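Please open the model in your viewer and keep the selection panel at hand. The tour goes from one selection to the next, with a short note on what is to be found at each stop.

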Amino acid sequence: MRRPPRSERCSGNIRSTAPEWQAGGDDVSGTQPRADARRNRENLVRVAREVFAESGTDASLRDIARRAGVGIGTLYRHFPTREDLLGAALSTGLGALREEAHRGLGEQSPGEALFAWMETFASRSSVWCGVPGSVMEALHGGRPAVQAAFTDVIEAVADLLARAQREGTVRGDVDAEDVITAASALGWVSEKCGPAYTARLLAVVRDGLGVPRDGSAPRPLPAAPGLGAPPPAGTP
């Protein structure tokens, strides 16, 4: 069979055999300004945040691309996996949570600041259906893009926790990963059962993380491997 001339092959008469997700992406030939690609990426993240808030983190990526006004190929060019897009969409909120951990130290004792941060995290993470579960998976070996987005938050919580432990209000055998996992579990409860029940369970978690009031040693915890940040210098 005669191969069509180049002019026909490039004119659209021959249907592309590239996978659908590769079609319709950003022009990388140099004809499209980089600013356009950057705007596409920023717009995809903005729309993804809206769609995840409306439909949860399992929302259709095609719907996100359509609402952003780009082809599905453009979405996959910027974000090869759902986790990559989720990590980017979470970044803004995670930055605010990191700052919340730092700000709490200037307003409360370290222990109170830590528990206030957990309550804030539970409340905010439950806004998007599926985020608490994604966070727990990321902390314990899955969803590497989400895990990477959490690096700064883990470090901020580790610092806050270390201060609370030195203060003597939080037991010394828990780490930042334990705290964020517990806060994520509270977020899941908030997502499923509402904030009133979350407040009840937060009180239980506070007692579990706190040092016994009678001065006795807390019950030893079973070992739990984790991926959290190393404790800051000076941590007991």
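Begin by selecting H9 and H10, whose axes come within 8 Å of each other and cross at roughly 110 degrees (axes are lines fitted to C-alpha atoms, for helices over the stretch in contact, and angles run from 0 to 180 degrees between N-to-C directions). That makes H9 roughly perpendicular to H10, a label for angles of 65 to 115 degrees, while angles under 35 degrees count as roughly parallel, over 145 as roughly antiparallel and the rest as oblique. Show side chains here: Val153, Ile154, Val157, Ala158 and Leu161 of H9 make the contact with Ala176, Val179 and Ile180 of H10, where contact means heavy atoms within 4.5 Å.

Before going on, note that this is a predicted model, in which local features need pLDDT of at least 70 and side-chain atom pairs count only at pLDDT 80 or more, while totals for chains, interfaces and linings use all residues. Residues are numbered from 1 along each chain as its sequence is written, and side-chain values use heavy atoms, with hydrogens and water left out.

Zoom out to the whole chain, whose secondary structure comes to 11 helices and 0 strands; helices (H or I, at least four residues) and strands (E, at least two) are DSSP runs, numbered from the N terminus. Of the 236 residues in the chain, 37% are buried, with buried meaning under 20% relative accessible area, exposed over 50% and partly exposed in between (1.4 Å probe, protein chains only). Among contacts between residues at least 6 apart in sequence, 71% join residues at least 24 apart.

Return to H9 by selecting residues 151-167: these 17 residues reach 25 Å from the first C-alpha to the last, close to the 24 Å expected at 1.5 Å a residue (the expected span is 1.5 Å times one less than the number of residues). The buried residues of H9 include Val153, Ile154, Val157, Ala158 and Leu161, and Asp159 and Gln165 are also among them. Just after H9, glycine 168 takes a positive phi of about 90 degrees.

Next, select residues 176-193 and 195-209, which are H10 and H11; they pack at an angle of about 155 degrees, with their axes 8 Å apart. That makes H10 roughly antiparallel to H11. From H10, Ala182, Leu186, Val189, Ser190 and Cys193 meet Pro195, Tyr197, Thr198, Leu201, Leu202 and Val205 in H11.

Now move to H2, residues 34-55, where the end C-alpha atoms are 31 Å apart, in agreement with the 32 Å that its 22 residues should span at 1.5 Å a residue. Glycine 56 follows H2 with a positive phi, near 90 degrees.

Finish at proline 144, which lies in helix H8 (residues 144-149). Proline 144 counts as exposed because its relative accessibility is 60%. Its C-alpha atom is separated by 8.9 Å from that of glycine 87, 57 residues away along the chain.
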